[in-house]
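Subject: Structure for you to look at

Hello,

Here is the structure I said I would pass on. Please open it beside this message and follow along with the notes below.

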Amino acid sequence: MQPVRGNGLPHLCAMLLASGVTLLILLAGRVLAVHREAKNIAAVAPELFPLKNQGLAFQRLAARTDGVLPLYGSSELLGPAGARASDFFRTAPTGFQVSPVGKAGATTLITLEKLGAIGRQFRGRRVVISISSAYFASGVTSYWYEGNFSPFAVSELTFDNEFDLALKRDIAARLLEFPH
């Protein structure tokens with residue numbers, strides 16, 4: 001006697017329903033996250049934290065928000081409390097806040113990667129780039145580069161059509177100096 005095989009349709013419907021509910025939850029979470037980022041940009045703009053430095057969401061939001069001036073740099077962003085640009089402009093006395101991005105060892109190549117990843121949002125907007133004199137005197141170490149590397153920024157820079165191929169080739173040649 002052969003086993004009776006049931007209709008697989010109920011299982012398929014259950015799977016589709018579970019997938020649809022999961023997708024709706026993920027989309028709702030993304031919408032909520034984007035809304036909360038936009039709502040709280042004034043509070044987080046002056047702060048330095050790893051997610052802002054390594055990720056792109058807060059950097060993109062700061063680039064397109066009126067009253068926020070993105071500032072890219074390295075260890076000079078970490079000066080003593082009260083002496084940092086983000087502290088000075090925190091209350092927006094001049095009508096804007098500074099949004100620092102970077103940490104010690106953030107090289108010019110790292111800054112290029114971040115700016116390239118967010119390029120479109122900077123059109124018609126102001127941005128400040130602070131380049132440390134240490135990079136001209138001593139060069140760049142792999143320790144500095146690897147400690148600031150963001151795969152998100154490099155991926156966006158590489159696969160976006162913002163730059164022409166010759167420039168991308170030059171950037172790729174520079175990236176090969178840091179194989180890890």
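What covers the buried residues of α8? The cover includes α5 (108–117), α7 (142–148) and α9 (165–175). Please keep in mind that this is a predicted model.

Helix α8

Helix α8 runs over residues 151–159, and its buried residues are A153, V154 and L157.

Along the chain T158 and G116 are 42 residues apart, while their C-alpha atoms are separated by 8.8 Å.

How α8 sits against α9

Two packed helices are described by the angle between their axes and the distance between the axes. For α8 and α9, the axes come within 10 Å and cross at roughly 150 degrees. The two helices are therefore roughly antiparallel to each other, since an angle over 145 degrees counts as roughly antiparallel. Their crossing is left-handed. On the α8 side the contact is made by V154, L157, T158 and F159, and on the α9 side by K168, I171 and L175. Sorted by class, the contact of α8 with α9 has five nonpolar residues, one polar and one charged.

Which residues of α9 are buried? They are K168, I171 and L175. These residues are on the same side of α9, because the arc they cover around the axis is only 60 degrees. R169 and D170 are exposed on the other side of α9. The buried residues of α9 pack against α5, α7 and α8.

How α8 sits against α5

The axes of α5 and α8 are 8 Å apart, and the helices pack at an angle of about 60 degrees. That angle makes α5 oblique to α8, because 65 to 115 degrees is the range for roughly perpendicular and under 35 degrees counts as roughly parallel. The crossing of α5 and α8 is left-handed. From α5, the contact takes in E113, K114, G116 and A117; from α8, A153, V154, E156 and L157. By class, the contact of α5 with α8 has four nonpolar, one polar and three charged residues.

L56, in a loop

L56 lies in the loop between α2 (50–54) and α3. L56 counts as buried because its relative accessibility is 8%, and the cut-off for buried is under 20%. What does L56 contact, leaving aside its neighbours within four places in sequence? L56 is in contact with A117, I118, F152, A153 and E156. One of these, I118, is 62 residues from L56 in sequence and 7.6 Å away in space, C-alpha to C-alpha. Of the others, A117 belongs to α5 and takes part in its contact with α8, as do A153 and E156 from α8.

Helices α1 and α3

Helix α1 covers residues 9–44 and helix α3 covers residues 57–64. Their axes come within 10 Å and cross at roughly 85 degrees. That makes α1 roughly perpendicular to α3. In the contact, E37, A38, I41 and V44 of α1 meet A57, F58, L61 and A62 of α3. The class count for α1 with α3 is seven nonpolar, no polar and one charged residues.

L48, in another loop

Where is L48 found? L48 is in the loop between α1 and α2. With a relative accessible area of 32%, L48 is partly exposed. L48 touches L77, L78, P100, V101 and G102, if residues up to four places away in sequence are not counted. Between L48 and P100 there are 52 residues of separation along the chain, and their C-alpha atoms are separated by 6.4 Å.

Regards

Definitions and conventions
Residues are numbered from 1 along each chain as its sequence is written. This is a predicted model: local features need pLDDT of at least 70, side-chain atom pairs count only at pLDDT 80 or more; totals for chains, interfaces and linings use all residues. Side-chain values use heavy atoms; hydrogens and water are left out. Buried means under 20% relative accessible area, exposed over 50%, partly exposed in between (1.4 Å probe, protein chains only). Helices (H or I, at least four residues) and strands (E, at least two) are DSSP runs, numbered from the N terminus. Contact means heavy atoms within 4.5 Å. Axes are lines fitted to C-alpha atoms, for helices over the stretch in contact, and angles run from 0 to 180 degrees between N-to-C directions. A crossing is left-handed if the near helix is turned anticlockwise from the far one by less than a right angle, and right-handed if clockwise. Ala, Val, Leu, Ile, Met, Phe, Trp, Tyr, Cys and Pro count as nonpolar, Asp, Glu, Lys and Arg as charged, and the others, Gly among them, as polar. The arc is that of the directions from the helix axis to the C-beta atoms.
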